Amino acid sequence: MQQVDDSLQFIRRQQQLRAQRQEFVLGIFVQGELAGCLATHLLDWSHRKTTLGYWLGQEFTKQGLMDRCCRRLLEYLFDELRLHRVGLHCATDNRPSRRVAERLGFCEEGILRDHEWLYNRFVDQVVYRLLDSEFPRERSG
Amino acid sequence: MSPFELATRLVVTDNIILEELQEEHAAILFDSVDRNRAH
């Protein structure tokens, strides 16, 4: 995003997509302060699947915050929305995002060559998946 | 809740909440999160 207006347009667009049940974004609020976002891209109700996206402000990294938030969202997606599969794409050199995915139990499925234009160049993306049956739920009690 | 009603708020801990973004969040989203995006 290049300017505040882009962020505003993003929020408005997400509100439309939420109303259409196509995807949704949740802000991550830490003690009331916006720290990042979690998003589902294209909720496919017929095939009970979606893909996950996340990003975090620099100052909120290295605290395990994204792991906890993703785990809560995954519980919601699998246990309440009854989805079967959650996918995740991230740049192959985005080690922080990949570590989050791997700690959550996502399995690597392959590499998409030159799949995204980022930082003035094409970058490869790694594809992960997590099935309902593969999600490591925390035991309570 | 119907499976087609999407949550607007999920509680992670007492101090960490996942909540639907509103237009009033645009400036802070840009300044603190998108411009300084870590991953």
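**Where the chains meet**

How many residues does the contact take from chain A, and how many from chain B? It takes 36 from chain A and 27 from chain B, where two residues are in contact if their C-beta atoms, placed from the backbone, lie within 7 Å. On the side of chain A that touches chain B, α1 (4-19), β1 (24-30), β2 (33-44), β3 (49-56), α2 (65-80) and α3 (95-103) each supply at least two residues. The residues on that side of chain A split into 20 nonpolar, 10 polar and 6 charged. Here Ala, Val, Leu, Ile, Met, Phe, Trp, Tyr, Cys and Pro count as nonpolar, Asp, Glu, Lys and Arg as charged, and the others, Gly among them, as polar.

**Reading the model**

This is a predicted model, in which local features need pLDDT of at least 70, side-chain atom pairs count only at pLDDT 80 or more, and totals for chains, interfaces and linings use all residues. Residues are numbered from 1 along each chain as its sequence is written, while chains are lettered from A and ligands numbered from 1 in the order in which they are written.

Chain A averages a pLDDT of 92, and 96% of the residues score at least 70; pLDDT is the predictor's confidence in each residue, from 0 to 100.

**Chain B and its strands**

Chain B has 1 helix and 2 strands, and they follow the pattern β-β-α along the sequence. Helices (H or I, at least four residues) and strands (E, at least two) are DSSP runs, numbered from the N terminus. Of the 39 residues of chain B, 23% count as buried. A buried residue has 20 or more other C-beta atoms within 10 Å of its own, an exposed one 12 or fewer, and a partly exposed one falls in between, with C-beta atoms placed from the backbone.

The two strands of chain B, β1(B) (residues 9-11) and β2(B), pair in the antiparallel sense over 3 bridges; strands pair if DSSP finds at least two bridges between them. They form a hairpin with 4 residues between them, and V11(B) has I17(B) as its bridge partner in β2(B). Strand β2(B) (residues 16-20) is also joined to β1(A), running antiparallel, by 5 bridges. There, I16(B) is the bridge partner of V30(A).

**The nonpolar core**

A nonpolar core is a set of buried Ala, Val, Leu, Ile, Met, Phe, Trp, Tyr and Cys residues joined through C-beta atoms within 7 Å. The largest one has 35 residues, and L38(A) and C70(A) touch the most other members. Elements that each supply at least two residues of this core include β1, β2 and β3 of chain A, together with α1 (26-34) of chain B. The largest share, 7 residues, comes from α2(A).

Leaving aside neighbours within four places in sequence, L38(A) is in contact with L26(A), I28(A), Y54(A), C69(A), C70(A), L73(A) and L18(B).

**Two arginines with positive phi**

Most residues other than glycine have a negative phi. R21(A), though not a glycine, has a positive phi of about 60°. R21(A) sits in the loop between α1 and β1 of chain A, and it counts as partly exposed because it has 13 C-beta neighbours inside 10 Å.

R48(A) isn't a glycine either, yet its phi is positive, about 50°. Its place is the loop between β2 and β3 of chain A. With 17 C-beta neighbours inside 10 Å, R48(A) counts as partly exposed.
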